Every structure is written in structure tokens, then in C-alpha cells.
2 protein chains.
Amino acid sequence: MKRTENKSPYLRLHIARSNDSRAFARMDIVAAVRREYDSGKLPTGSRLPPVRVLQHQLGVAKNTAHAAYEELVAQGVVENRQRLGYFVLARGKDRPTAKTTTPAMPMLLKVGSGVVRKAKGEGKNPIRLGSAFIDAELLPRERVAECFRAVLKQQGLPNDYDAQGFPPLRELIAKRLVKRGIPARADDVIITTGSQQALDVVTRALQKRSIATENPAYGIGKQLFEMNQMDVTGLPLDPFVGPDMKVWRKLLALNRPAVLYVTTNFHNPTGYSYSTAELMQLIQLSQELQIGLVEDDWGSDMLSYSEFRPPLRALGGENVLYMNSFTKKLIPSLRLGFLLANETTRAALLAAKRVATLANPTIVEAAVYEVVARGYYDTHLRRLQVELDTRYRACLDALTALMPEGVRWTTPGGGPVLWLELPRRVDLHAMTERLRENNVLLDARLKEWFFGTPHLHGTRINYAQESIERTRRGLELLAQEIRRELA
Amino acid sequence: MKRTENKSPYLRLHIARSNDSRAFARMDIVAAVRREYDSGKLPTGSRLPPVRVLQHQLGVAKNTAHAAYEELVAQGVVENRQRLGYFVLARGKDRPTAKTTTPAMPMLLKVGSGVVRKAKGEGKNPIRLGSAFIDAELLPRERVAECFRAVLKQQGLPNDYDAQGFPPLRELIAKRLVKRGIPARADDVIITTGSQQALDVVTRALQKRSIATENPAYGIGKQLFEMNQMDVTGLPLDPFVGPDMKVWRKLLALNRPAVLYVTTNFHNPTGYSYSTAELMQLIQLSQELQIGLVEDDWGSDMLSYSEFRPPLRALGGENVLYMNSFTKKLIPSLRLGFLLANETTRAALLAAKRVATLANPTIVEAAVYEVVARGYYDTHLRRLQVELDTRYRACLDALTALMPEGVRWTTPGGGPVLWLELPRRVDLHAMTERLRENNVLLDARLKEWFFGTPHLHGTRINYAQESIERTRRGLELLAQEIRRELA
């Protein structure tokens, strides 16, 4: 099929068969054009479909289409411009064609800017003390790339997808959970686009749109709840003392949210991890008040020895919804996490995932399967833990050596972040801006984390993203700015 | 760091420093354990954290931790089991540990089964006449795999992600849109997990949760609107005559939805494509009634010559939200689509995408960039169109030869699907079930497509997924069953 003809845009016409007929007749075409022309719907100068398009679309002979168009020429409706096609002639009372005057999209939600703010310092290799990410140098990019290549070589690029996720990966995840003391079946594992989609899927599957979570909360989680129009109960969390269960009980009893979402290890942004006793108290609360539990366990894999600590799901049984992610710990750009549901919840959660994304890219699921099945993931985690432990200790040493009186910090025992609490008279915003000018990036946007008035006054310190030397250099500059604020 | 010690699970404890102290003292550890023990929170027989864990977490000397534990032994709180660790002793009034008694997740939405139904015939190579998919044999799997390998080789596995999507891919998409007559900037392109996420993002960014769309509607879109608790206005679409704009105007004026979502080419499930005149009427309606327009253009790439037809976005200007997808047409498992927003809508749409999935896997975006930049995508589409055209004509021929009186079908002009309308006395469910037993799969679940009582009585016929011979064989069996129903 050659494509040598004139390429100017042409109209799409609707052409109907006359009643009871199986084939299109010349008059069907003529009538269709006339109807639209007479009602002023065909812009002057617009092109009719080429004859060969009509032939193809309607299955008519070339002569039929030609005859129809020539009849329209005879009727003064169109003109035949040689080798260019048939074009609509002006009518007496032509109205102008539509222009760019459709209404602006009405009533969009006003949430954040939606734009990822580029730090001014970026491009100059800033010291990043404020994120929750891990140094790319510590991540096994080449190992994971090798697994992508292996999938492409062994099975080729997958054509199909499974809405619930690549079955062998779900099998493998279930096996690993069993090892950690969580009874699990592959049927109950739902692969998601990172923890973020896991949380989205949970909130949108709830009929009663209410949730409780720690205050401060993970910032994009907070945005999610607000956009999903949930009633949110913020439960105050002081990372120096842990949750005050009396206060939590009172708030939960008052608001009766459908679920309680807790990040059991390395809560974001405080870095807090729950004690076993606290997890058991949560279970008791959930039983008493009939509140569902959702456990976000993204953090435990980064903490030495935490494979021996029972997760909330292990303590509370299969009604605890469990989520975890490979993303930050393996390669952020993979965006792969999962939910562990149970027989009662699986259908609703899977339906929520299907309406959200139908499924996620199979090649990524298959490659992560390889990474885990070959033992690369566990080898990586062990090395990562050792490195994070070292950086953690160095960070504690630096804080002890550098920070002025009145500054406190938590001791989460490893991982990527801790909470640094500052005297109230430190102006967090001004300090952060000055540090940015000195090429040190902090995140102290308390409003994005807290429901209501912040009960803490400080920031998350990341020691996983920069080398020990650079973290120490960043903390030196931070300490200097704090002293200046306190002076 | 060797890992030879006992691996039984241990408690996570919260240990606080005494006031004003920077280091942890032996008594801090003792006090922490006692407090939890005395309040009955430590299950009998549970293990205290190993000494080395305390050392590491708190930064205390080994002796300090040891001394604290030995004091607890002296107090009768724990016992030291040689080489196994320290274990909590029974108290007088111990309460049992929590068991699997957390409440079932309360109030989950009841939507569909969430489970992808496996057709009974599957595994026996059934003839699939009911889907909207394209024959995997027609898709360039090896070409796309080559692009994945090229990305891994040239730039390695990407570590980072861009919430809006891989910038070079957004640039390229914008350029291609400009070629099709749509002014577009890379800044206004948002990459999504297929069209499905594009639609999800649009609906969740709306403040007024109301939408209008064709009736019948794309099934999983309909589920999405229901789960997102939108008010939906169904606009009746008869694929044999097109939309009745008088009826549409009346319904839209009555319900005043925030947006009108239309699939302008190969509407699913009817296979209908709008004429240019109809698109212009939609623009006029949207202006009059101040309703936003959302154009789903997944279908035009499959239709020969349709690159010359103006999309709704080209006719209506930049306030028309435009979406398209590479997925079904390239490789379904890639799950990659995009939205074209404008300056006003971008922030809200991007915020909606971020709360949904943060970002999607960069490697897939980078590989699709390669596929398009190398010209593979356009080469593939041209070949695909020729093949679909051939299958379309063969399908029309088969229908004309095989179908009994009273059966009608649309002539969409190519692409993957058309609508087959049957006499009302045909029992669609019974017919579909009998065909399934004969290894032919149809989809005639009208309830999943229609709002209210279906005004059509038929099914979508796919001629893109099977060879001409197999499609004909499937249609023979279908015609046979229809005759049986009509007998």
C-alpha cells in the first residue's frame, strides 16, 4: 500500500447504510456528506476522505466512491482539486470552525504544586542530608542490570501481564515472608508500584474513607489521604519516647477510623521503630475498637538483626495488611513493592489496583524475581546493613562532637535516618535556606508532615545518602548554623 | 560482622536516656525493661535484644549492656540461658500473648471479584474473539528487547526517577504530537502506567467528582469511576448511527458533569470512531455548558491514514486533555501511556500521579524512548495497520458470508474491533457459554459496559488477535450458535 497521496488532514465522516441493505451504495455516501454539509458541520475548505479510504473502510468499489464524489461536485457541495482530493465549498451562512476556546478544565483539586522542586544548589553536588534515599554507590545496579539481561535472553521480553503481579515473584515473596515468621500464600501477594501504590490501593479499597496514622506523617502519604478525601486522625508520635498509647486510644475511640496505618520500622520522617510491646498494644487497640491494621515494613530490611524481630503481621495474624518495597533498598527507579492481603481482602485490593494501573510492567517484575531468586538481594541487604551501621555510628559520633547544648537526636540503631530536635528558637526555614546556599540540603518543611501544629521542632537527618566524610561536613555546617541561630 | 548467634526472635525495646544525659547508662536499660515487664507487656519466654544489638543501637559499651541484663537477672525479671540469650520470666498475672485475632479489615468496597476470570477453555488454545488485544505475533518483541539491552549497555540501569516521566521521552512525545497538528511541550506531557493510570489521574484530580462518558463504556473505566465514587452520566452511543447530539446535550445540561471523557477512535467496546463534525459538536457543547473535554486517542494509531485526521485536541485547543498509550499497540506488558496537559492542569495532574505511584519504572520509559527514537515504533505501526486492514476486510467478508438475516455489524474501517448486533431473542449468556465449550471466547457481559438497561444487544468482535483462518473458524461457530438461538 503506497502512500504517495496528498497528506492534508481530512474529515472523518459517518456513513450509514440505507435500511435493510448489507452493502453501501453511492447514495449512502452522498446522503452522509449532504446531511453534514446542510447542517453546517463541514468547515469550508476541509477535505473529504480520499476515495481509497472510503473503499477500504466501507468495502465499496472504487467506482462507487468516485461516482458519489462526482455527484457531490455536481451538487456544488465539493470541488475536485486535481491530485489533491475533494474539498468542501463555502455555503452562504458558514459558521467559523472551532478554535482554541474550549473551557479550562474545571475544578481541579488544589494540592501542592505537583512540581518536584529543584533545589537551587543542585548541579553543584550538594550534600543531601534531608532525603530518605540511599547512596546510589551502595546499590547493586550492575547486578540488577544483569538480571534484566538474563530475562531478555532466557524468556524474551514478556508480552502479557498479570494484574496481580508476575506469579513466580509472588511465590518467592510468599516464601520469604514465611521465613520471617509470616504465614503467606502467593495468592495473597499483590505486586504494586512501590509502597506508594500499596498505600493508595488500601485507601481506595476502603468504603469508609477514614484512616489514622502517625503525626508527623510521611509527606506524600499525607497528600494521598487528602487527595483521596479521607478523614485522617493524626496520632502524635514523639520519636524520643514512642507513642503515648493512652492518647492514641482516646483519639482512636473518638474518631473510629476504618484502619490504622503504621510504619513499624524507620517511620518517615521521624526514623522511629516500634517496640514489640508497642506492636502488641496496637493489636489490642485494634481488637477493642475494631480498627484494621496496615503495617508498612519498608524499614526493617535496612536494620541489622531485624529479621529476628516479629513484624506486626506475625504478631497480629493475617488480618493485618502488610506492605513492603524493594525500591529504595534495591534501585529506586524500579518502583516495585507489594501488599500481603488475605482471603477476605484480596479481591477488593486487587480490584483497586486494576482500576489504578491495570498491571505494572512485567519485565521489571521478572527482573526483580531474578535478583531475589539468585540471592543477590539478600547478599546486597547484608552488605547494605553493615555499611549503614557504620555510617550510623559515624553520624552519632559527629553529632556528639558537633552539636551545641539543647540539641537532641534519636538513636534508631542503624538504617538511613534519625530525628534531630532543635530548640524552638531556631528558625528552621531561615536555617535551611542558608544551608542550601552553602550547598547542604535539608528538609524541614514541617507543614508537609504534621497534621495541625507541629509538636516537634526539628528535621530528619539522613546518613545513608552521603559518604561519612560528606555527612560530617554537612553536619559541621548545620551545627554552625544552629549556633548562629542560638547566639 | 559474623552471624553465628542464636536466631530466635527477640523483642524490640524502647530505651530512653535519663534527662539531660547524652549517653545511655546501665540504669536506662534496666528501667526500660522493668517498665514494660511491670505493666505486663513482655510475653513470658520472649527474648531480650542480644547484647551486641544494644551495643550497636545505643552506642554503649558491651559491659554496660551486660551489667544491665545481669541486674535484671538479679531482680528475677529475666533468666540467662547460656549461649541462647536473656529470656523473660513469668509474672504472677500474665496475660496471654496476642494471637491471630485482629479484626477482619472493615468495610472494604464491594466491587467486582477483582480476580481475572480464567476462561475454562484456556490452555487449549481457544479462539479469542472477545478481547481488545492484538496478536502477539504482530508485535515487535525482539525490537523492543533490543532497546532494553541498548539502554542497559549505554547508560546502565537508571537509578533515579522523574515523577513526570523520563524527560527525553516526554520531549519526543511532544515532537510527535506537533507533527500530528497538536501544539505540545514536553513540560505538559505526563507519563503514566498505560491509559488506565491516565484516566485514574484525571478523575482523581477533579474537585467535583462527576464525569460523563459514552454508554456503553469501557468496563474497567466504568469500575474506576464507581470506585472513585464519581457521579457518572452515561451518554448513549449507537455505533451504527453515532451519538445523538440532541440527547447528549440534554443529558449534559441536566447533569453538568465536570468533564466529558470520550474515546475518539475505536471506542471500547463498540469500535466506534467519531466524525470530524461530531468532534466539533462536542467542542461546541463543552463551550456552551462549560464542561472539560478528555480525549482518549488510543485507537487512531491502528487506523490507516488517521494521522491526517485532526484529533479533538487539535480542533479544540489546549484545554482538551489528551491521552494515548503505547501499550496494546507495542507490547501490552510495558504498561506505558501518557497525558498531554496544559499549563493550568499540569500541577494538579502531576500531584495526582505522585500520590498514586510516585513515578513509574525508568528503564521502561528509557527503552520506549529508544523504540520511538530509532523509528521502530512508526515502522511497526505502518506494518500493523496493513495487517489489521487485511484482517478487517477478511472479517467483513466472513461476516457477510456467514451471518444469518437480522444480524448487523459496524464498519469501523480497520483497527482491532467492530460491534456485532444480534436480534433480541438471542440469549447472549447461553450462547457465549456454549461457544466457550467449543473453545471460542467472546465477551458479552453487557452489564459491565452499560449504565442502566443496555440499548444494544450484541458484542465486540476482535479480528486483531487471531489469524484470518482462526477468526473465520470462530465466526463460523458463532454463526452456527446464532442460528441455533434463532431457530
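Select helix α14 of chain A, residues 376-402. This helix lies across β12, β13 and β15 of chain A and runs at about 15° to β13(A). Contact here means heavy atoms within 4.5 Å. Axes are lines fitted to C-alpha atoms, for helices over the stretch in contact, and angles run from 0 to 180 degrees between N-to-C directions. Helices (H or I, at least four residues) and strands (E, at least two) are DSSP runs, numbered from the N terminus.

Before you go on, note that this is a predicted model, in which local features need pLDDT of at least 70, side-chain atom pairs count only at pLDDT 80 or more, and totals for chains, interfaces and linings use all residues. Residues are numbered from 1 along each chain as its sequence is written, chains are lettered from A and ligands numbered from 1 in the order in which they are written, and side-chain values use heavy atoms, with hydrogens and water left out.

**Stop 1**

Now show the three strands. They form an open sheet in chain A with the order β12-β13-β15 and antiparallel pairing. Two strands pair if DSSP finds at least two bridges between them. β12 (408-409) and β15 (458-462) of chain A are the edges; each has a single partner strand, so one side of each has no neighbour in the sheet. Zoom in on β13 of chain A, residues 417-421: 5 bridges join this strand to β15(A). Pick A:L418, and you will find A:I461 opposite in β15(A).

**Stop 2: turns of the chain A backbone**

Select A:N215 and A:P216. A cis peptide bond joins this pair, with omega of about 10°. A:P216 sits in the loop between β5 (210-215) and α7 (219-227) of chain A. Next, select A:F266. Its phi is near 55°, a positive value in a residue other than glycine. A:F266 is in the loop between β8 (259-263) and α9 (276-289) of chain A.

**Stop 3: one arginine, two partners**

Select A:R204 and A:D200. Their side chains meet in a salt bridge at 3.1 Å, N to O. The rule asks for a side-chain nitrogen of Lys or Arg within 4 Å of a carboxyl oxygen of Asp or Glu. Why are these two separated by about one helical turn? Because they are 4 residues apart in helix α6 (residues 194-205) of chain A. Across the interface of chain B and chain A the rule finds 2 salt bridges. Over all chains, the whole structure has 60.

**Stop 4: the two chains together**

Show both chains. Chain B can be laid on chain A with an RMSD of 0.1 Å, by a turn of 180° and a shift of 0.0 Å along the axis. That is the relation of a two-fold axis. The copies are superposed by least squares on the C-alpha atoms of residues with pLDDT of at least 70 in both. Select B:R149: in chain B, its C-alpha is the nearest to the axis, 3.4 Å from it.

Color the contact residues. Chain B gives 156 and chain A gives 158. The same surface serves both copies: 100% of the contact residues of chain B recur in chain A. How much area is buried between chain B and chain A? About 13300 Å², of which carbon and sulfur atoms give 58%. Buried area is the accessible area (1.4 Å probe) that two parts lose on being put together, summed over both.

**Stop 5: the open sheet of chain B**

Move to chain B. An open sheet of 8 strands has the order β4-β11-β10-β9-β8-β5-β6-β7, with mixed pairing. Its edge strands are β4 (189-192) and β7 (242-243), and each pairs on one side only. Select β9 (292-296) and β10 (321-325) of chain B: they pair in the parallel sense over 3 bridges. B:D296 has B:M323 as its bridge partner in β10(B).

**Last stop: a hairpin and a cis bond**

Select β1 (78-81) and β2 (85-88) of chain B. They pair in the antiparallel sense over 4 bridges. B:N80 stands opposite B:Y86 in β2(B). The two strands form a hairpin with 3 residues between them, and B:R83 in the turn has a positive phi of about 65°. Finish at B:N268 and B:P269, joined by a cis peptide bond with omega of about 10°. B:P269 lies in the loop between β8 and α9 of chain B.
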